[in-house]
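Here is a friendly briefing to read beside the model. Keep the viewer open and follow along topic by topic.

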Amino acid sequence: MTKMLEKNEAQMSEFEKLFLNSPSYSFKVADVVKGTIVKFDKAEILVDIGAKSEALLPFREVSKNDFEGENKLQVGDERDFLILKEENEEGIITLSLKRVSLAQNWTRLDEIRQSNETITAEISSLVKGGVVVDVMDLRGFVPSSQLRTGTPFEGLIGKTIDVKVIEADPKKNKLILSQRLALAEQREQIVEDVINQLEVEQEVEGQVVRIADFGAFIDINGVDGLLPISEISWQRIKHPSDVLQLGQSIKVIILKIDNELNRISLSLKRMGENPWTKIEGQFKEGQVVPGQVNKITSFGAFINIFPGVEALLPAAEMGEGQINPYNVLNVGDEIEVLIKRFTPQEHRIGLSFKDVEKAKAGKYIPESEARATFEEN
């Protein structure tokens, strides 16, 4: 009995020794490992990658080229394999052969991210919050906030854009890219040269690349200029998109160049004739004219009396006593107004609503005439 116990202890000691001396393996998803094909089965291939058990390579994870032609797989072949799934309960690891190149592309993309290189990507579709792009046989995502346009639109599909890699995580299948970072870098390189070739009041052609509430950004030879909403049209507009579309080509005039900040201000409305110049001689103080209510505020209303020309109707000129403009007028109302002050050179016209009937009866004397009569006497 004693001899048997001594023998078991010796065997156990030998087993523990072998176990402790066995190599330590660490196979993680997305790792690329070397392996040797040892057997073909009905739906899979057994591969020795140095793990405790032979790994499985499903036929669906073998590319067509590896099944056909002179280079088709054979027992004994040594190849690189991608770890598709870690060990299951039976200690079996699942491999992929066709995804090895993709894994190498993931590695390359992470290197590109670290070195801050710029690469090209093709926009394949629009999704909520951004666009999907094809890059190095992988699918990436460019959020709206990282798009030059700020908003995805159909015209982007099929376009090739320059991008920077923000995140490349093969385990999460997450590839996030930025067009704006790539453009910012390019802009730094060319902005001074482009601006030095521009002059104030010069007419230039550009493309609408971004629309915001306060205006639109126009690409002028690779540099974005700001077209404020007030410089888009002589007519009042609610939003730049009422007039402009992303990707649209337009001609604009350069209003201002800031060489210190490398900024350009543009005007679209000044490409046409100034309506304030056209109305000189057409209107005068004391005249009653038709108009349409464009906007109402707490202090009055803006009345359109000529295409592109708005005049102010103060609340005090709407009636007697305390007037709330919102209780008197509605946007779109067509009314008659009296011109009380007319200075088109300053883009200012003052109106009255309460003195219209008085003027029609010939009982209203314009302030300028009253002042002239007083000075004569």
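## Briefing on the predicted model

T297 is found in strand β16 (residues 288–297); helices (H or I, at least four residues) and strands (E, at least two) are DSSP runs, numbered from the N terminus. This is a predicted model, in which local features need pLDDT of at least 70 and side-chain atom pairs count only at pLDDT 80 or more, while totals for chains, interfaces and linings use all residues. Residues are numbered from 1 along each chain as its sequence is written, and side-chain values use heavy atoms, with hydrogens and water left out.

**A residue to start with**

- T297 is buried, at a relative accessible area of 10% (buried means under 20% relative accessible area, exposed over 50%, and partly exposed in between, with a 1.4 Å probe and protein chains only).
- Leaving aside residues up to four places away in sequence, T297 touches F302, P325 and Y326 (contact means heavy atoms within 4.5 Å).

**The chain as a whole**

- The chain has 7 helices and 20 strands.
- Of its 377 residues, 38% count as buried.
- Taking contacts between residues at least 6 apart in sequence, 58% join residues at least 24 apart.
- The accessible surface of the chain is about 23,000 Å², and 47% of that belongs to carbon and sulfur atoms (areas come from the Shrake-Rupley method with a 1.4 Å probe; for residues, only the protein chains shown count as cover).

**Salt bridges**

- The structure holds 14 salt bridges, each defined as a side-chain nitrogen of Lys or Arg within 4 Å of a carboxyl oxygen of Asp or Glu.
- E61 and R99 form one of them, at 2.8 Å from N to O. This pair links distant parts of the chain, 38 residues apart: E61 sits in the loop between β3 (55–58) and β4 (78–85), and R99 in the loop between β5 (94–96) and α2 (100–115). E61 is buried at 3% relative accessible area, whereas R99 is partly exposed at 33%.
- R113 and D110 also meet in a salt bridge, at 2.9 Å from N to O. They are separated by about one helical turn because they lie 3 residues apart in helix α2. R113 is partly exposed at 33% relative accessibility, and D110 is partly exposed at 23%.
- K340 and D355 pair up at 3.4 Å, N to O.
- R108, E111 and E117 are linked in a salt-bridge network.

**A nonpolar surface patch**

- F40, F67 and V75 make a nonpolar surface patch of about 260 Å² (patches are made of residues with over 30% relative accessible area and no salt bridge, joining like charges within 9 Å and nonpolar side chains, namely Val, Leu, Ile, Met, Phe, Trp and Tyr, within 5 Å).
- F40 belongs to strand β1 (residues 32–40) and is partly exposed, at 34% relative accessibility.

**The largest pocket**

- About 470 Å³ of space lies in the largest pocket. On a 1 Å grid over the protein atoms alone, a pocket is an open set of points where a 1.4 Å probe fits, with protein on both sides within 12 Å along at least five of seven lines; lining residues have an atom within 4 Å of a point. Grid points are joined across faces, edges and corners, and the volume is the space filled by probe spheres set on the points.
- The largest pocket is lined by 20 residues, and W234, R236, K269, G308 and E310 are the closest to its centre.
- β18 gives the most to this lining, with 4 residues.
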